[in-house]
Amino acid sequence: MSELTSTRIRTTAAKLGLPHLSEALNQYVQRADEAKMGYLDFLDLVLAEELAVRDDRRFRNGLRLSKLPHHKTLEDYDFSFQPDLDPRKVKDLATLSFVADKANVALLGPPGVGKTHIAVALAVAACRAGYSIYFTSLDDMVRHLKAAEDQGRLIGKLTSYLRPAVLVVDEVGYQPLERAEANLVFQVISKRYEKGSIILTSNKTFGEWGQVFGDEVLATAILDRLLHHCEVVSINGNSYRLKNRLQAIERDTDVA
């Protein structure tokens with residue numbers, strides 16, 4: 001390939017928004033020569049590589065905007081430490097059929113059992129599959145909605161929680177809410193109903209949500225919409241954080 005042709009291809013690739021093609025053109029040509037590719041095979045190679053680069057860029061940008069606290073996957077989760085949790089149920093969720101169906105996932109259990117880890121892992125999988133995601137604790141969401149309401153910007157702020165295909169709401173029940181705060185949560189749940197998925201974690205059973213939201217009727221209305229299309233995963237094992245702390249103590253004792 002002549003230098004003139006190479007330059008022209010790079011210029012065209014840049015105009016088409018294909019920067020990777022411009023950078024990797026010589027590598028593509030070398031691979032094509034070594035494999036003695038035909039024209040269609042070469043074109044297939046270039047398009048597949050560009051698509052992979054674009055998907056990876058979108059994935060990384062989606063993670064950056066998601067506010068996830070970390071990017072752990074299910075491969076990082078120690079299912080052996082939670083023998084009562086069926087790995088197949090969680091891995092079925094990772095197929096993301098619930099996202100396609102605009103259904104929800106509720107992860108229930110005491111602190112430290114890995115609820116947030118699983119929620120984040122499902123969100124990461126959804127992001128990789130091309131879905132938009134956003135993470136918030138319930139307390140942070142309520143605080144931001146209240147501030148927006150006080151400033152007359154509630155509709156705009158609500159949109160930020162309604163727009164993502166998957167909204168992760170962490171730590172439901174760690175702090176009780178006032179009725180006005182619970183009503184803001186109801187608006188998010190109600191407006192997302194059958195329009196987008198919610199993954200939530202809670203240390204409270206559903207029977208305790210009346211106390212969490214300060215109103216039994218409002219809690220029932222929230223649960224009615226949330227649970228209509230919902231996979232519930234209960235994790236009732238030991239705390240990973242306590243496990244790690246005990247291991248650290250044992251190591252310190254052995255050294256002493």
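Leaving aside neighbours within four places in sequence, which residues is S197 in contact with?

Tutor: The model is predicted, so local features need a pLDDT of at least 70 and side-chain atom pairs count only at pLDDT 80 or more, whereas totals for chains, interfaces and linings use all residues. Residues are numbered from 1 along each chain as its sequence is written, and side-chain values use heavy atoms, with hydrogens and water left out.

With neighbours within four places in sequence set aside, S197 is in contact with F98, V99, K102, A103, N104, A165, V166, L167 and R192; contact means heavy atoms within 4.5 Å. The residue belongs to strand β4, residues 197-202. Strands (E, at least two residues) and helices (H or I, at least four) are DSSP runs numbered from the N terminus. S197 has a relative accessible area of 0% and is therefore buried, the classes being buried under 20%, exposed over 50% and partly exposed in between (1.4 Å probe, protein chains only).

Together with L68, L85, I118, I133 and I199, F98 touches the most other members of the largest nonpolar core, which has 33 residues. Such a core is a set of buried Ala, Val, Leu, Ile, Met, Phe, Trp, Tyr and Cys residues joined through side-chain atoms within 4.5 Å. Two or more residues of this core come from each of α3, α4 (87-93), α5 (97-100), β1 (104-108), α6 (115-128), β2 and β3 (166-172). Helix α6 gives the largest share, 9 residues. Apart from this core lies another, of 30 residues, which includes V142, A182, V185 and L223. In soluble globular proteins, nonpolar side chains tend to be buried together.

Beyond four places in sequence, H117 is in contact with H70, K72, T73, D76 and Y77; its C-alpha atom is 6.6 Å from that of K72, 45 residues away along the chain.

Returning to the contacts of S197, one finds K102, A103, N104 and R192 among them. These residues also line the second largest cavity, together with I189, Y193, E194, G196, I198, R225 and H229. On a 1 Å grid over the protein atoms alone, a cavity is a set of points where a 1.4 Å probe fits but cannot get out, and a pocket is an open set with protein on both sides within 12 Å along at least five of seven lines; lining residues have an atom within 4 Å of a point. This second largest cavity holds about 60 Å³, a volume being the space filled by probe spheres set on the points, which are joined across faces, edges and corners. Its lining divides into 4 nonpolar, 3 polar and 4 charged residues; Ala, Val, Leu, Ile, Met, Phe, Trp, Tyr, Cys and Pro count as nonpolar, Asp, Glu, Lys and Arg as charged, and the others, Gly among them, as polar.

The whole structure contains 3 cavities of 30 Å³ or more. The largest, of about 70 Å³, is lined by L138, V169, V172, V185, I189, I198, L200, W209, F213 and I222. Strand β4 again takes part: β3, α9 (179-192), β4 and α10 (209-213) each give two or more residues to this lining. By class, the lining of the largest cavity has 10 nonpolar, no polar and no charged residues.
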